[in-house]
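This report describes one protein chain, part by part. Look at the sequence and the structure first, then read on.

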Amino acid sequence: MNYQCCYCKEEFPATEAIDGYKEGYKIGFLCPKCGKNIQDTPMNEEWIFSSNSSKLFFAIFMGYFFLAWIFLEFSEPNTWVHYGVALGGLVPFLVYSHIKHPKDMYSPTIGTKPVK
Ligand SMILES: [Zn+2]
């Protein structure tokens, strides 16, 4: 997982975030690029995608996930065929994201906000 600094817009791995607790920064962490005190956005709701096509792809992916869940929810009794259809539909998505958008799939970036 990566963070994008809200000050300098640089992305860095979460493991490189500097713990500034000893220097008196009680909340959040310090950006390793510019040294400003930042913190996670609540619920990590701000996902930053490497491109608009990647963002669109993952929106469709989540949409499919949601529809597959509805399908399983309302198709009782569920048999292995239902699960097979729902999970089988995920395979092309996984293959596509593995090839086209590996960064966003394996190492997503989330936004940060200033510490007040
Ligand atoms: Zn920064």
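## Helices and strands

Helices (H or I, at least four residues) and strands (E, at least two) are DSSP runs, numbered from the N terminus. Read along the sequence, the elements of the protein chain follow the order β-β-β-β-β-α-α-α-α-β. In total there are 4 helices and 6 strands.

This is a predicted model, in which local features need pLDDT of at least 70 and side-chain atom pairs count only at pLDDT 80 or more, while totals for chains, interfaces and linings use all residues. Residues are numbered from 1 along each chain as its sequence is written.

## Partners of strand β6

Which strands pair with β6 in the antiparallel sense? Two strands pair if DSSP finds at least two bridges between them. Strand β4 (residues 37-40) pairs with β6 in the antiparallel sense over 3 bridges, and Gln39 has Lys113 in β6 as its bridge partner. Strand β5 (residues 47-48) is also antiparallel to β6, with 2 bridges; here Ile48 stands opposite Thr109.

Strand β1 (residues 2-4) runs parallel to β6 (residues 109-114), and 3 bridges join the two. Gln4 stands opposite Gly111 of β6.

## Helix α1

Helix α1 covers residues 52-74, which is 23 residues. From its first C-alpha to its last it reaches 33 Å, close to the expected 33 Å; the expected span is 1.5 Å times one less than the number of residues.

Is α1 buried or exposed to view, judged by its count of buried residues? A residue is buried if 20 or more other C-beta atoms lie within 10 Å of its own, exposed if 12 or fewer, and partly exposed in between, with C-beta atoms placed from the backbone. The count of buried residues in α1 is 0, so by this definition the helix is hardly covered.

## Domains and overall shape

The domain bounds come from an automatic or database domain assignment. That assignment gives domain 1 (2-46 + 108-114) and domain 2 (52-100). Their centres, taken over C-alpha atoms, are 32 Å apart.

The C-alpha trace of the protein chain spans about 60 × 30 × 20 Å along its principal axes. Its radius of gyration is 19 Å, whereas a compact globule of 116 residues would have one near 13 Å. The radius is taken over C-alpha atoms, and the globule rule is 2.2 Å times the number of residues to the power 0.38. Buried residues make up 6% of the 116 residues.
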